[in-house]
Amino acid sequence: MAMERELLSSLFKKPATLKYPFEKLEPPKGLRGKHEYDGDKCIGCALCARVCPSFAITLKGGPGPKCTGLTVDLGKCLFCQQCEEVCPRDAIWLTTAYELAVLKKEDGILNFDRTPPPPPTPAKKEG
Amino acid sequence: MSDRQFVIPIGPQHPALKEPTSFYFTVDGEVVVDVEPRIGYNHRGIEKAMEVRNYIQNLYITERVCGICSNAHQTAYTGAVEEAGGIEIPERAKYIRVLFHELERIHSHLLWVGVAAHEIGFDTMFYYVWRDRELVMDLLEEISGNRVNYAIPTVGGVRRDISKDNFPRWHKVLDALAERTNYYIKVASTEQTILDRAIGVGYLSKEDMIRLSGVGPNARCSGVPCDTRKTAPYLLYDEIPFEHIYVDNGDVLGQVLVRVLETLEAVKICKWVLDNIPEGEIAVKFNPMQKLPEGEAVYIVEAQRGELIHYTISDGRNMPYRHKIRAPTLGNIPSLVERLKGGYIADIPITLAGIDPCFSCTDRMVFYDEGKDRSWVWDEEQLRRYGLEWYKK
Amino acid sequence: MGRGAATQIRIGVVQEMSLITTLIAALVFPGLSFILTYSLYAQWIKRKAAARLQNRIGPLHTGWQGILQPLADFIKLLVKEDITPAEANKPVFNAAPLFIFALPLAATFLIPIQSITNLWAWDAVASFEGDLIMVLFLMSITVLAIFLAGWSSGNLFGAVGATRVAFMMLAYEIPLGLVAIGPAILARSLSISRIVDWQVASFNAFLTAPNIWGIVTAMVLFIGAVIYTVCLLAELEMKPFDMSEAETEIVHGWQVEYSGKKLALLNVGHDVKMVLAAALLTSLFLGGPAGPVLPPVVWFIVKTTFCVFIISNLSVLFARFRIDQLISGAWRYLVPLAVLQVMAVVAISGVI
């Protein structure tokens with residue numbers, strides 16, 4: 001009988017259930033969610049790929065100045081934020097977007113692009 | 001085994017177990033006569049995975065040994081690596097690590113109270129306790145960015161700082177948690193149906209507990225004072241004023257008492273940390289590709305379920321040569337078997353849940369040949385071959 | 001208000017009109033269709049009440065506030081695969097759910113709800129002297145069917161659940177019968193409809209001339225109602241007495257191997273048992289479908305909803321007992337109390 005008072009008072013209180021997805025909670029500022037990438041700041045050092053515990057980040061076009069972007073496999077990602085911490089130019093960071101469910105595995109791979117800077121020598125190279 | 005006895009398998013899938021384990025109970029009517037445990041269903045090869053990743057990547061592998069002791073594993077891992085490499089962490093980092101250690105203890109013990117209530121059929125208390133657990137989970141999410149697997153300790157310190165502006169609000173959350181915990185203590189000690197299911201159930205005396213080497217709250221409920229935070233202090237625990245909680249009930253009621261009183265102590269420690277934290281740096285710089293000097297270290301922490309040991313050997317590279325984890329539930333299984341014998345079938349779930357089992361932490365693999373008193377391990381190649389042959393049969 | 005006519009057996013009477021009337025009463029209202037619909041509604045009341053007491057919402061999206069959820073669950077189970085284990089005793093395994101569904105349904109035909117010929121009178125589909133004993137008998141046979149259901153399922157957990165149900169019957173059957181006899185003694189009749197009539201008559205008499213014996217009778221009957229509610233919780237296998245289908249110990253107990261259509265029948269059977277239990281509580285202690293102004297069926301619904309709410313409240317308030325604690329507790333507390341209550345009723349009935 002010990003919880004009877006609490007039970008009866010719950011009849012008059014608002015239920016503790018959140019009617020998701022009709023009502024949504026505001027995520028806190030530091031939530032580790034989906035990645036965002038700024039191609040202009042990235043230098044292609046590949047530190048993010050080397051430090052990722054689940055090898056979820058791969059560089060397109062190879063490391064270095066000719067890198068053409070990143071792919072982040074959200075299926076493998078642990079959302080540990082180590083890539084953001086180790087990046088020397090703040091080119092990749094985690095936002096608070098947490099609704100990341102997809103129907104096919106391929107849709108869960110984020111594709112980020114970067115235009116590599118023009119080469120310093122006058123010799124013709126692919127842009 | 002007489003004619004009246006038969007064998008009931010509990011597990012590996014069973015509503016009483018939160019993680020896969022198998023127990024074969026020999027019962028006579030409703031009384032349990034013998035128990036045979038089989039563990040190993042949750043073996044994932046974590047220690048092998050840690051040998052091919054560098055120290056920063058391994059932070060997140062250790063975290064995922066267990067979902068609810070994740071911060072305890074990380075604290076022990078970073079402590080072992082720092083001791084092996086001779087790295088000193090700043091004072092502020094120690095305070096933040098203690099804060100998370102204790103917040104996770106509150107989280108885990110509240111979860112346990114809910115699960116124990118569910119095992120005896122008291123779903124209402126289960127729902128209410130987990131509703132109040134959301135207070136501490138929201139707090140943890142706000143500070144660390146995630147509700148479980150907080151990934152706060154790193155080699156050299158901690159990854160995120162806490163801001164003094166939030167302290168008054170966090171004090172209020174901690175006070176609310178203490179008030180709700182006191183309410184649940186009142187309910188558990190006055191509700192006759194809970195007392196009927198908890199008193200005298202799964203009793204184990206202090207001598208038996210010492211003989212079977214139990215650890216953690218499981219041992220402390222039988223009167224063995226074995227809290228590592230008091231007997232072998234680490235981080236700041238030699239300076240923090242808190243009580244060493246142990247009772248001499250020895251049964252499920254003792255388990256409940258030890259854990260809720262520890263929750264109240266953890267709230268006190270968190271408030272002490274918030275009041276006394278010094279300013280300063282939060283981490284020493286540690287490059288992910290940095291090589292650790294040769295050495296080995298053992299680091300013992302008091303996880304929520306008992307004494308957790310991490311042992312690391314470094315051979316001078318940026319990856320560990322060997323990292324061994326001894327989880328507390330492995331140490332609790334012999335005493336669990338003794339508790340179950342002589343009880344009823346109806347007492348099996350609550351006795352199992354009473355030791356707060358975390359079988360995800362438990363499964364390492366070692367071969368022990370009792371006849372020849374010899375133990376050995378297999379490497380990956382032998383394991384693969386054995387697996388392929390087993391499935392061909 | 002009262003039952004218009006006779007008190008003799010009403011099924012199979014000679015005239016054509018009453019045969020058709022009886023058929024309509026048995027099949028549509030207040031018989032089969034009404035009881036089935038009402039049992040789904042009772043399940044909704046139980047789920048909503050339990051949810052609100054536990055600070056949750058309960059069913060929400062199917063229909064207004066989830067009132068169609070029990071129907072949706074029933075239809076869902078009908079389309080699922082129905083597996084019979086290889087080790088099960090197939091004839092018994094297949095037949096048991098039918099009995100568990102049909103026997104309580106038959107018992108509800110004996111409870112006065114509403115007359116279909118007269119809007120302001122109440123009437124059971126069939127009533128005769130001794131139908132109270134018939135109802136108690138049908139409830140006991142249902143327990144036998146439950147035991148056979150669990151025992152024939154070829155599963156260890158089913159056998160443990162079945163034996164637990166049989167043990168539980170040892171505990172609650174006697175107090176249940178004893179306190180049910182109390183109102184019968186006062187009404188000088190073993191027919192539930194007569195008991196309801198007596199309650200209405202004595203309540204009206206009390207209103208015109210209040211006296212101490214009326215209050216004493218009410219108090220004694222209240223104690224009887226409390227004991228009866230506790231025994232009903234054990235019979236319905238609801239907490240704190242659901243050890244026969246304890247989810248965390250024996251994984252759903254005697255129902256463990258049932259799936260698909262048979263499980264749907266079992267669930268509806270459980271709801272019909274709940275309606276029967278609430279209706280019995282109402283008829284024996286709360287005055288049945290009698291009430292001012294509104295037709296009896298409305299009062300029946302109001303009173304049984306109240307009973308279902310009380311039962312749900314008690315169900316979420318406690319943890320689960322062990323089987324030995326139930327048996328020792330029942331024989332130590334419930335049976336002596338029930339015996340004392342019956343002795344008090346006999347003493348009062350000698351006076352008034």
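## Cis peptide bonds

Pro240(C) sits in the loop between helix H8 (212–235) and H9 of chain C. Helices (H or I, at least four residues) and strands (E, at least two) are DSSP runs, numbered from the N terminus. The bond joining Lys239(C) and Pro240(C) is a cis peptide bond, with omega about 0°. In chain A, the peptide bond from Tyr20(A) to Pro21(A) is cis, with omega near 5°. Pro21(A) is placed in the loop between helix H1 (4–10) and strand E1 (35–37) of chain A.

This is a predicted model: local features need pLDDT of at least 70, side-chain atom pairs count only at pLDDT 80 or more, and totals for chains, interfaces and linings use all residues. Residues are numbered from 1 along each chain as its sequence is written, while chains are lettered from A and ligands numbered from 1 in the order in which they are written.

## Positive phi in chain A

Most residues other than glycine have a negative phi, and most peptide bonds are trans. Phe55(A) has a positive phi, near 55°. Its loop runs between helix H2 (47–51) and strand E2 (57–60) of chain A. Phe55(A) counts as exposed because it has 12 C-beta neighbours inside 10 Å (exposed: 12 or fewer other C-beta atoms within 10 Å, placed from the backbone).

Asp90(A) also has a positive phi, near 55°. Asp90(A) lies in the loop between helix H3 (82–86) and strand E4 (92–94) of chain A. With 10 other C-beta atoms within 10 Å, Asp90(A) is exposed.

## Helix packing in chain C

Helix H4 (residues 90–108) and helix H10 (residues 260–286) of chain C pack at about 25°, axes 8 Å apart. Axes are lines fitted to C-alpha atoms, for helices over the stretch in contact, and angles run from 0 to 180 degrees between N-to-C directions. H4(C) and H10(C) are therefore roughly parallel (angles under 35 degrees).

Helix H2 (residues 32–53) of chain C packs against H11(C) at an angle of about 45°, with axes 9 Å apart.

## Chain C against chain B

The contact takes 23 residues from chain C and 22 residues from chain B (contact: C-beta atoms, placed from the backbone, within 7 Å). On the side of chain C that touches chain B, H9(C) gives the largest share, three residues.

Technical notes
Contact = placed C-beta atoms within 7 Å. Parallel < 35°, antiparallel > 145°, perpendicular 65-115°, else oblique. Buried ≥ 20, exposed ≤ 12 C-beta atoms within 10 Å, placed from the backbone.
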